Amino acid sequence: MRAHQVIYTSCRRGIDGVSDGLQVFSYDEGLAACKAEYGSGFSQLFPDPDPSEVGRPALGYHLLGDKCLFTYNTKLPYDYQGPQGRSGNVLRQSVLLSAEELTFAPVEAFGSPVFVSSMGPEVASPEKPDYLPTVDICPTGELSCERIVDWLGEGERVDRLLELVTSLFRAKTEDKQLVIVADPEEAARWLAAACLAVPLRMSREVSFLLACEQPGLVGGDVCGTTREALGRAQDYALASCVTFDPAVPADADYVPADDYLDFVTMSLELNPAKLLDFTAFVGDHCDIGFNLGLFEAAFQLWSLLRDDLPDDEGTYALALPFAEAHADEATREQLANRLTNGLNQLEGAAPAILLSALGYLLRAGSSLGSDNRRRVEEVAGATVAGLISDRSVSEEEFSSRLDEILGSCAQSGVDPLSILGGERGVALGESASSAEKLCVLCGSTMAAVVDRGCEASELDRGGAVGSLVRSLVGAAYRFGPQEGLRAARLVSEPFADVAKLYVGVANATLEACDAARPGDEACLRALWDALADGADVSSDDATLLLMRWLGSCGKYEGAARLFARAASQRAGSREVASLYRACCSGNLFSNAAMGTVCYPAVARAYVDELVSRGDRDGERALTAFVASVADGAENDELLCGEQFGEAMRAAGLALEGGVDPLNPTPDEERLSRYLLGYEALAHHEVMGPRMLRLVLSAQLRRSCNANRPDDAVSYAYQVMPRLRANPLSVGETEAFLVGVSGIVVDLSRVTCYLAYLTSYLTSSNREASVLLCACADRALDLLKRRLTGAESLGIVLACTASLYPLEVCEEVAERAMRVRKDVRDAVRAEAQRFFDPKDLEDKGFRVNPDARSLLGNMLRRVDEGRGLSGLGKKLFGGR
C-alpha cells in the first residue's frame, strides 16, 4: 500500500528553504497538497523524541485522526558534510497512510526496508531536492502470526502472554502506559503477540514507541524500554505506567481472568487459526473496546454461534445481552436463527437457559419471521404454564421469570396476550399450583397489557383481555374468596388511571366472581367495595363516569362513598365545590334510585368535607348549598328528607360559629331566613343555638315593631326545648339578657319571659336563681305602670313552681308577695292560665304531678300576705 513520507535531517538545502542545517529535506508530492494540515514544517508528523544512542533507530506509531503515522528516528554522528562537518545530527522519517489501508498490525512494520537510518550524497547537493516517492509499507514477515506462535512456544512465553494482554487492557482502560522492559526487537515481538489477541482495528488503536528512553513521559500506549531507563524514571512518571518485564518470573498466584484468556492460550498452542477467526469476528461484527469483560462475552457469543448449544447458564447470560448491545444486525439475526432452530433442545435445558433464550428471541421481534415468532410464543406460553404448575417453583422465582418474559415482550412490542391469552390463559388459571402464583400472573400480565396499550373493546365479554381477566380471576376465586378478591384488585389496579378501562375490567372481575361463586352475596359485595375503593378519582370526569357505572349497577351507596373519597382528594374547597356542581349538573341523579339514595348521601358527604376543611372557600360553598336546598325544598320532597335535613343541620352549625345573635350581618340574617324557611318546609330542626337566638331576637324585634308581643312569646315557646339542649354560659346568658332588654323597652310580658328563658338556660341552678330573681324584680317594677305585668309574673311563678329548687321558689314567691292586692287576682289567673301541665310537657318542661295544688297553696299564701318560710317542704315536697 502506498504511503506518504517526509524526512527531516541536516542538509545543504531543503525542499522549502535555501539555508543549510536541520530542516525538512523533502516529502512526496501528494503530501505537499496537505502540508498546512500538519503544522509548520510538518511538526505534527514528528511527535516522538530522538534516541540518545547514535545509530540506534526508534520506531513509533500513532493514530492521527483517520490516518496512521509511523515515525522512525535515528541519531547520527555528523551533519550532511560528514566527519569534516559539524557533529550531531538526526534523521527523522515519518510515513503516513489512511487507517483503512493498513491491513496488518502496525508493529509488524518493525524492520521494514521502507524506513531509512541514513542518507546519501543528495543531502549535500546545493540544488533543490526532488519530491520523495511514496512508499509501499508492508509487514516484513518477521512478526507474522506463524513466527510469533513459534517464538511463544519457546519457554513459558505463552503463559506470560496472558499477563501481557491483561496489562495492555488495563493500561488502555485506565489511561496508563504499558511499559515492556526489553530491547526493541523483543519488545516488538511481545507487542505483536499481544495484538494477536485483539482484532486488527483495535491493534491500530495501540500507539507505541520502541526504544523509549523516558517511560511514562513520552511515547504512546506502549513503550519498549531498557531496565536502565526504567531505573532512571521518576516515581511520578512510573505512577502512570503498567510494567511488564519478561525477565521477571510471573506471579505464581496469577490466574487468567476468564474463558477468553484460556482460549487465547489454547489457540496459540493448538490452533492459532481459531484465534484469528475469533478476532476477525469481533473486528467485523462487534462494537467494543479494550474491556476484558466484553471480550469474554464476545467469546461466549462466538462460541454459541459455532459450537453445539451449551448447557452452561453463564454462556447465555453473557452472550445474549452482549449480542443485543454490541453485535451488528447480521450477527443478532444469526443468533436468533440459531436459538430458534435449537428450541426443541432448549426446552429440555435448565429454566434459566430456556428463559434467557426466550427473552432474546422475544426481544428480536419481527426479525424472526412469522413462523418462528409463533413457535417462540408457543414455547414461552408453555414455559409459563410449566412454572405456574410446578410446586417446586416458589412465588418469588415465578414472579422473576414471568417479569423476564413480559419485559422482553415490552421491549420488542410483542403482545403479551400472544403468549398468555386465549386458551393458554384458561389453561394457566386451571393449572396454577397456588393462588399466590395466580395473583402474580394477574398483576404482571395486566400491567403489561396496559403498557402495550389497551382498547375498551378488548375488555368486553368477547375481548381478549376481558376473557383473560375472567379466566384468571375466576380461577383465583376457586381457591377462596380472599384469593379471588386479591386477584381482582391486581388485575384492576393497572387500569385505574383510565376510568373507561377500569369499568371494563371491573365488570369482567364481577362476572368472574359471580360465575366462580354463584349466590355468594358476601363475596360479591366485598368485590364491589374493593372496586369502588380502588378507582382513581383524581379527575371530575373520571369520578362522574365511575359513579354512573356504580349507579347503573345498583350500587348507590358505593357511588356516594366514591364521591366522598374523590372530594377528600381535592386540593381545596373550591375544587370540592366544583366536583359537587359537576355531579348535580351532569344528570347524574336523574335516575330515580340515584336521586333518592345516592344524592342525599352525596350531599351529606359534600357538607362534611367542606366542614372538615374549615376555610373561607368552604364557608362560601356551604352558604351556597344551604341557599340552593332551601330554595328547592318547596318543590322537591327529596330535599326535605332526613339525610338532607342532617346535611343542612351540619352546614348550619358550621356556619353559625361566628354569628352574633343580637348583631347579625346581612349575610347572616339571610342565612337564618334560609334555615328558618327550610325548617318550616321540611320539618327538620337545622338551626343551632346561635342561629336560634339570632332568629329569636329578630322575631322579637319584628314583634315589638308591630306591637305584637304574643308572636315573640309563641316562637320562644317553640324554640325553648332546643335551646335547653345547648345551655349557655353565665356570661352568654347575661349578654343575651341585656341584649333582649335593649330590644324590648315597654313590653313587660315579652321582656320578662325572654329574661326567664335566658336565665333558665344557664348551667348552674344557683346562678339561674339570681337572674330569675332579677327577672321577677323587672316584672314587679313594670306592674307599677302596666297591668300586663301580671302575665309576666304568672309565667315566672308557674315555671318556678314546676322547675326550680325550693330556695329559688321561696325567693321568687317573697317578691311576689309585694304585688299590690288589686292585681293579685290577675296574677293568680295568669299563673293558672300558663300553668297547664300538658302544655308545659309539650314545650319540653318536666311537670310535677302535684304542681297545680302546690301552686294554689303558694298563691293562697300570697293572698294572705304571708311568706313561705316553714312551708317549703310541705308545699314543694322537699325539692
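Helices here are DSSP runs of type H or I with at least four residues, and strands are E runs of at least two, numbered from the N terminus.

## The chain as a whole

Welcome to a predicted model. Its secondary structure comes to 41 helices and 10 strands. Of the 879 residues in the chain, 52% are buried. Looking at contacts with a separation of 6 or more, 67% are between residues 24 or more positions apart.

## Two non-glycine residues with positive phi

Let us start with Phe 42, which sits in the loop between helix 1 (29-32) and strand 3 (58-64). Phe 42 is not a glycine, yet its phi is positive, about 55 degrees. Is this residue buried or exposed? Phe 42 counts as buried because its relative accessibility is 2%, and the cut-off for that label is under 20%.

Ala 211 is another non-glycine residue with a positive phi, here about 65 degrees. You will find Ala 211 in the loop between strand 8 (208-209) and strand 9. With a relative accessibility of 15%, Ala 211 counts as buried.

Strand 7 covers residues 177-181, and five of its five residues are buried. Gln 177, Val 179 and Val 181 point one way from the strand, while Leu 178 and Ile 180 point the other way. Both sets are buried.

Which strands pair with strand 7? One is strand 10 (residues 241-244), which runs parallel to strand 7 and is joined to it by four bridges. Strand 9 also runs parallel to strand 7, again with four bridges.

## Around Gly 224

Gly 224 belongs to strand 9 (residues 222-225). This glycine is buried, with a relative accessible area of 1%. Leaving aside residues up to four places away in sequence, Gly 224 touches Ile 180, Ala 182, Ala 187, Leu 209, Leu 210, Ala 211 and Cys 212.

How far apart are the C-alpha atoms of Gly 224 and Pro 184? They are separated by 6.1 Å, although the two residues lie 40 residues apart along the chain.

## Helix 3

Helix 3 (residues 157-173) has 17 residues and reaches 24 Å from its first C-alpha to its last, close to the 24 Å expected at 1.5 Å a residue. Its buried residues include Val 158, Leu 161, Leu 162, Val 165, Leu 168 and Phe 169, and Arg 160 and Glu 163 are also among them. After helix 3 comes Asp 175, whose phi is positive, near 55 degrees.

## Helices 26 and 28

The axes of helix 26 (residues 573-585) and helix 28 (residues 616-632) come within 8 Å and cross at roughly 25 degrees. Helix 26 is therefore roughly parallel to helix 28, since angles under 35 degrees count as such. The crossing of helix 26 and helix 28 is left-handed. Helix 26 makes the contact through Ser 573, Arg 574, Ala 577 and Tyr 580, and helix 28 through Asp 617, Gly 618, Ala 621 and Phe 625.

## A buried loop serine

Finally, have a look at Ser 433, in the loop between helix 18 (422-431) and helix 19 (435-452). At 14% relative accessibility, this serine counts as buried. Apart from residues up to four places away in sequence, Ser 433 touches Ile 388, Ser 389, Asp 390 and Arg 391.

Terms used
Residues numbered from 1 in each chain as written. Predicted model: local features only at pLDDT ≥ 70, side-chain atom pairs only at ≥ 80, totals over all residues. Heavy atoms only, no water. Buried < 20%, exposed > 50% of the residue type's maximum accessible area, 1.4 Å probe, protein only. Contact = heavy atoms within 4.5 Å. Pairing = 2+ DSSP bridges. Expected span 1.5 Å × (residues − 1). Axes fitted to C-alpha atoms, helices over the stretch in contact; angles between N-to-C directions. Parallel < 35°, antiparallel > 145°, perpendicular 65-115°, else oblique. Left-handed = near helix turned anticlockwise from the far one by under 90°.
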